[in-house]
Protein chains: 2
Amino acid sequence: KTVTQTMNKIPRKVVVFDCRLENGDAIEKVLDIQGMEFSEFLRTVTKEFTISSEETFVLLTTDRREIDLDRFEELKDGNTLHLLRSVDQVLSVSTKERILFLPHYDTLIKSGMYEYYASEGQKSLPYAFAELIDNALSATSKNVGVRKIDIRLMFDESQGKPAVVVLDNGSGMTSKQLNNWAVYRLSKFSRESSAFESDHTAYVRPAPVPRSLNSDISYFGVGGKQAAFYIGQATRMITKPAGSMDVHELLLSKEEFEKKEKNKEDIYKGFILNRKPGDSSHVTSEDERFLHSLIAEETEEDHFTAVVLTGVQPEHIAFLRADFHLWTRELAHVYHYYVHGIKGNDMRPSTVDIDTTGNIDIRICLFEKLKIPRIVDLRDIINDMQTLYINSSVDSFEFKAQVDEEGTAEGILRYHPFLYDRETFPEDPYAIPSLLADDEEDCVIVNQEGRGKKPIFECFWNGRLIPYTTVAEFDWCARPKKSGPVPAECYKRISGVLFTNDKFQVSTNKLTFMDLELRLKDKETIFTRIVNGQEQRVKIHKEFTQWLKDCHEKWDKQIKFLGFNGTMTRTDV
Amino acid sequence: KTVTQTMNKIPRKVVVFDCRLENGDAIEKVLDIQGMEFSEFLRTVTKEFTISSEETFVLLTTDRREIDLDRFEELKDGNTLHLLRSVDQVLSVSTKERILFLPHYDTLIKSGMYEYYASEGQKSLPYAFAELIDNALSATSKNVGVRKIDIRLMFDESQGKPAVVVLDNGSGMTSKQLNNWAVYRLSKFSRESSAFESDHTAYVRPAPVPRSLNSDISYFGVGGKQAAFYIGQATRMITKPAGSMDVHELLLSKEEFEKKEKNKEDIYKGFILNRKPGDSSHVTSEDERFLHSLIAEETEEDHFTAVVLTGVQPEHIAFLRADFHLWTRELAHVYHYYVHGIKGNDMRPSTVDIDTTGNIDIRICLFEKLKIPRIVDLRDIINDMQTLYINSSVDSFEFKAQVDEEGTAEGILRYHPFLYDRETFPEDPYAIPSLLADDEEDCVIVNQEGRGKKPIFECFWNGRLIPYTTVAEFDWCARPKKSGPVPAECYKRISGVLFTNDKFQVSTNKLTFMDLELRLKDKETIFTRIVNGQEQRVKIHKEFTQWLKDCHEKWDKQIKFLGFNGTMTRTDV
Ligand SMILES: Nc1ncnc2c1ncn2[C@@H]1O[C@H](COP(=O)(O)OP(=O)(O)OP(=O)(O)O)[C@@H](O)[C@H]1O
Ligand SMILES: Nc1ncnc2c1ncn2[C@@H]1O[C@H](COP(=O)(O)OP(=O)(O)OP(=O)(O)O)[C@@H](O)[C@H]1O
Ligand SMILES: [Mg+2]
Ligand SMILES: [Mg+2]
């Protein structure tokens, strides 16, 4: 028996503190109980702590359970025991019990599960995809040519179990960077990029750019993992860094974690597969047949990253299929200004086409068995709200809000005029009806239309929509309590956008700003008007009111019946 | 030199893969380079992989950096190297590079930082406190006598640096449970409560109780840590479990984590201090003088837990001081039904006082130097919104919503009548003015008052308010599009509360429900009316409308001027 137990390599040591004394320090000894029997253990304790045969003693766990034969068998490596005279002897000397408190692996695999929540009837899945697009945008920011981001929904059963692939032709990751990717909460601010001190490159905050479209959309070191495990049960990262000959691949899965826990293996140990591009010989499962063709593509790109998600929740698959037009439109909204550039998606022929963007291709492809793939480029979506706002507006008012030293928000207000017989303020064609429920019927309605009760501003952080935070208005653009020089209804004809830099903070799920409104509405905030890109220190309230008045006078076209001459009866009928 | 290096115990082994072959498996060897010089290392490699003297070879990191003298010195334990013929030899055989991806310690210390966000101008700090109260409520749920929860703000500089203490007389924790407390994401569903298999007690879901006031308000295994490190930089847990003689104490701090990282020590190793109650001999810092009296109190209670937070952010201290009435009121709102019982805080003399609760004392105490402590019991707060709703209502309508098999939500609607010259629907005395901004002025106002645009329902999960989720209305209690038997304004005279059980999910920060509204508004949801505690399968819409009509007829008292007799001129003036 002893022989087999010593062959069993799992260590089994316990720490025993002698707490029989009334003062002083408890003496601590580490005893190796590997292969020991209980009686032998008791003898060892007697000897190690020189307990005479007259003395009585007990061995207790730190929650005062007495170690008997059964409990002794159950003792685990690292357990701490107290040696006392009796079960109820007061612990006059204190002991330091060593503990390990590794985060549970749910830290990774459940990180997103309770993070992406539904708001205003919006399903939350698009915002998980957004995290993966964020990463791809960051990774492609230094691309020389076109920046390609593909979301592929591999729902063709003949190619394996359902999978989601997010592919970009960005910088890729070295194996060290891929290792870092897996480290939960390791952010760009505290990351070592290389094993060698000499190669360390600290994070450099990008220089300010218009609309903060800096592609620097990562912050916490959690987004990719949260999103991946929200969408599926396993994540395979495949990446090839620029200038490298090798591909690095890392697989994390719920199944693996559970297996490691069961076998009492180290939870956070894993391995990266280093291999040559195009080599899919390690893929043997029929469930992942699609991987062979994906890996075959590797030889076409110098650098890339593919995030392959499997074990996709069935309800996600159903939603992605059925509501394809809805969630792709939502993504077009989130990345509107990345896809279309600082002017946004202005489709009006009058507009001089200065192509300031142009090189970010975000494509969504849905593959199903025996069906023609459904492919949409976010750039081609023309019914997202920003596109509707831009194309129905006739004039805009640009401004900047400066908060503290470094917090800047650029803002645009757009005017949607009244034309002949109707408001042109766009309605969301897909708004949830119940939320549009009109409860103003107990008013005699003068102007039910325009923006209605909606907040004015949608808010973008580093150029990316933060979907659940809006700003209703600022003092200076709110309709005054007393009627002023501009008709009240004109205040309902404006929509707005705010673009903040990273000095405004967002929550880890990037669904909300932490305190945007509180900070913008601080008394110290300085608002300036921007005209032709130039900041003007003016009275923003006066400027705005004047602009609104001008808009009204220039653009609102009402059919008015003037010069009422009395009732006439046509004689010719 | 060799001697000192061998004495230095830090292991230094590297893994070398022979990738020179064109196919087959790469041969892997672990080489101990402790104390080796570069030339010696090269010799070892030559020997181990039997490289003949004619052959050329290179040793590269997995990102293809060549190991030279300098890089060799920088190699760390566990690094993986590729042995190749030349720097650009294709990796024909793949290698498995072992990696470690322990979550960064920011997982714990930044867990709450970007979680508790401001919404509608509400500061988020009260919701961090709520997490600690949640834990205390859970811990005291089996108390026989009174359940005491104290929040003490120790802002008296003469007693040490500012600290926040949350103290409860609940079950306390064994050292194993305290160890588990520190394990991020270890939830009650996957926890081992004892070191011994035989003692395992799996989580038992509490039986249904009215309003789901089951005190079972923990779910994710993150709340306490998130809240603690949102409030401060260090958390000291001091606890004594029922029936134990010993106190267990665990200190986690940002400082400790940083130190461990710097010294390359195991990040998630720590120790629990086991000691006798009242023994504060380990507290030596002047900054924590207040701990001595706190620890002295230990001998008074059989079981308790104290969460001691230090390194409290200065802006939190300012807020807690200045807005004391605001955040204590917010907590009174969050725990309204725990503190006052299922009927809530009904202060009207007419009410028969069946004391169904009564034994949860949540007290907030603010200690400042040379000032009389400010102490408030949440039960004594009478201006929280639920108290205002309850006491201004004249009638209520109870119902239940059954979603799926197990999801139940109890609901109450309350009627706030029009009395003589005004609506009695309570206004929030502390509402942020900008959000009350009235933009209905372009209507000819018939009824501006009552609930206005606010959603009807506040929502409680296991009896605890989830502050940022509201439900506007249900079909059956919304004002109909066409005028019906009840005047339209009556629909603005109702407030509501929903109490869900844990089968509705909340986000990890407990600020929002995941999908409450989506699920409640599902076609399959069954609404029943509750009369005297009995469920009645009725047409909820009809019942509600009848109830509303009755309320209107019975309670609304308008001064009407009837029988106009023409204008009279007083002759006596
Ligand atoms: N597509 C990609 N290409 C290259 N590197 C990537 C890619 N996706 C992730 N990474 C790397 O992995 C890191 C971790 O990604 P993850 O999204 O989990 O966190 P993050 O982006 O750092 O922060 P956030 O929580 O804000 O998303 C990134 O910072 C980046 O270095
Ligand atoms: N005051 C307390 N008294 C006794 N046990 C406590 C106390 N506070 C925390 N614990 C224990 O520590 C565990 C972890 O607490 P924590 O708040 O971090 O997570 P949780 O309550 O399990 O889940 P949630 O994320 O929903 O809060 C609790 O489940 C409980 O067992
Ligand atoms: Mg990211
Ligand atoms: Mg908790």
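Me: Which residue has a backbone N or O atom 2.8 Å from an oxygen atom of ligand 2, besides Val222(B)?
Reply: The model is a predicted one. In it, an oxygen atom of ligand 2 lies 2.8 Å from a backbone N or O atom of Val222(B). A backbone N or O atom at 2.8 Å from a ligand oxygen is also supplied by Gly221(B).

Me: What share of the area of ligand 2 does the protein bury?
Reply: Taken alone, ligand 2 exposes 590 Å². Of this area, the protein buries 91%.

Me: How many charged residues does the shell around ligand 2 have?
Reply: The shell draws at least two residues from each of α5 (125–139) and α7 (223–231) of chain B. By class, it has 6 nonpolar and 7 polar residues. The number of charged residues is 5.

Me: What distance separates the centres of domain 1 and domain 3 of chain A?
Reply: Domain 1 of chain A spans 2–84, and domain 3 spans 385–558. Taken over C-alpha atoms, their centres are separated by 71 Å.

Me: Is Cys365(A) buried or exposed?
Reply: A residue counts as buried under 20% relative accessible area. Cys365(A) has 2% relative accessibility, so Cys365(A) is buried.

Note on methods
Residues numbered from 1 in each chain as written. Chains lettered and ligands numbered in written order. Predicted model: local features only at pLDDT ≥ 70, side-chain atom pairs only at ≥ 80, totals over all residues. Heavy atoms only, no water. Polar contact = N/O pair within 3.5 Å; in protein donor to acceptor, adjacent residues only side chain to side chain. Areas by Shrake-Rupley, 256 points an atom, 1.4 Å probe, with all protein chains shown as cover. Helix = DSSP H or I, 4+ residues; strand = E, 2+ residues; numbered from the N terminus. Nonpolar A, V, L, I, M, F, W, Y, C, P; charged D, E, K, R; others polar. Domains from an automatic or database assignment. Buried < 20%, exposed > 50% of the residue type's maximum accessible area, 1.4 Å probe, protein only.
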